[in-house]
Amino acid sequence: EKQLVQSGGGSVQPGGSLRLSCIASGFTLDDYTIGWFRQVPGKEREGIACIGWKDGCTHYRNAVKGRFTVSTDHAKETVYLQMDSLKSDGAAVYYCAAEWRGSNILSAWSPDAWGTGTLVTVSS
C-alpha cells in the first residue's frame, strides 16, 4: 500500500521556521512528482509547491516563493518542505502527495497517495 507519512508541524511565531517531512512507505518515489498542499477551514485546498523526483523540476506558488523550499533525500525516500518567514496566512493543515509523473499544475492532480497531514499554527 502506498503511504506518505508526515511530521514536522507545530506552532511558531510570525517570522519563524518549520521543516515538514514526507516519507514514502510501501513504494518508492521514482517517476513521481511530490506536491505540497495546505488547507484551512472553509477554504479550498491549495497547492503550494512541487518537485520532480528525477528531473528536479520545482514549482512554488507565488505566495510562498522565496520563503518555502522543497528538497529531497532520495536515499531516505523523503521530501521536505522548509518553511521560513512564516506569516499568519501560513497557518493550515499541510499535506504532501505523490502524483505519478505529475505536472506542476497541482490543482489537476489525482494523487496516488496522500500524506497524513500536519498542522501548522502561526501566533504572535
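**View 1. One disulfide turns up in a search of the whole structure.** Welcome to this predicted model. The bond joins Cys-22 to Cys-96, with 2.0 Å between their sulfur atoms. Cys-22 sits in strand 3 (residues 18–25) and Cys-96 in strand 9 (residues 92–100), so the link ties together parts that lie 74 residues apart in sequence.

**View 2. A closer look at the link shows its handedness and its surroundings.** The angle about the S-S bond is 80°, and the link of Cys-22 and Cys-96 is right-handed. Are these two cysteines buried or exposed? Both Cys-22 and Cys-96 are buried.

**View 3. Cys-50 is another cysteine to find.** Its relative accessibility is 2%. Because buried means under 20% relative accessible area, Cys-50 counts as buried.

**View 4. The largest pocket holds about 150 Å³ of space.** Its lining is made up of 14 residues, and those closest to the pocket centre are Tyr-32, Thr-33, Gly-52, Asp-55 and Gly-102.

View 5. Which strand gives the most? That is strand 5, with 3 residues.

**View 6. The lining of the largest pocket brings together several kinds of residue.** Sorted by type, the lining has 5 nonpolar, 5 polar and 4 charged residues.

Methods: Residues are numbered from 1 along each chain as its sequence is written. This is a predicted model: local features need pLDDT of at least 70, side-chain atom pairs count only at pLDDT 80 or more; totals for chains, interfaces and linings use all residues. Side-chain values use heavy atoms; hydrogens and water are left out. A disulfide is a pair of cysteine sulfur atoms within 2.5 Å. Helices (H or I, at least four residues) and strands (E, at least two) are DSSP runs, numbered from the N terminus. Buried means under 20% relative accessible area, exposed over 50%, partly exposed in between (1.4 Å probe, protein chains only). On a 1 Å grid over the protein atoms alone, a cavity is a set of points where a 1.4 Å probe fits but cannot get out, and a pocket is an open set with protein on both sides within 12 Å along at least five of seven lines; lining residues have an atom within 4 Å of a point. Grid points are joined across faces, edges and corners, and a volume is the space filled by probe spheres set on the points. Ala, Val, Leu, Ile, Met, Phe, Trp, Tyr, Cys and Pro count as nonpolar, Asp, Glu, Lys and Arg as charged, and the others, Gly among them, as polar.
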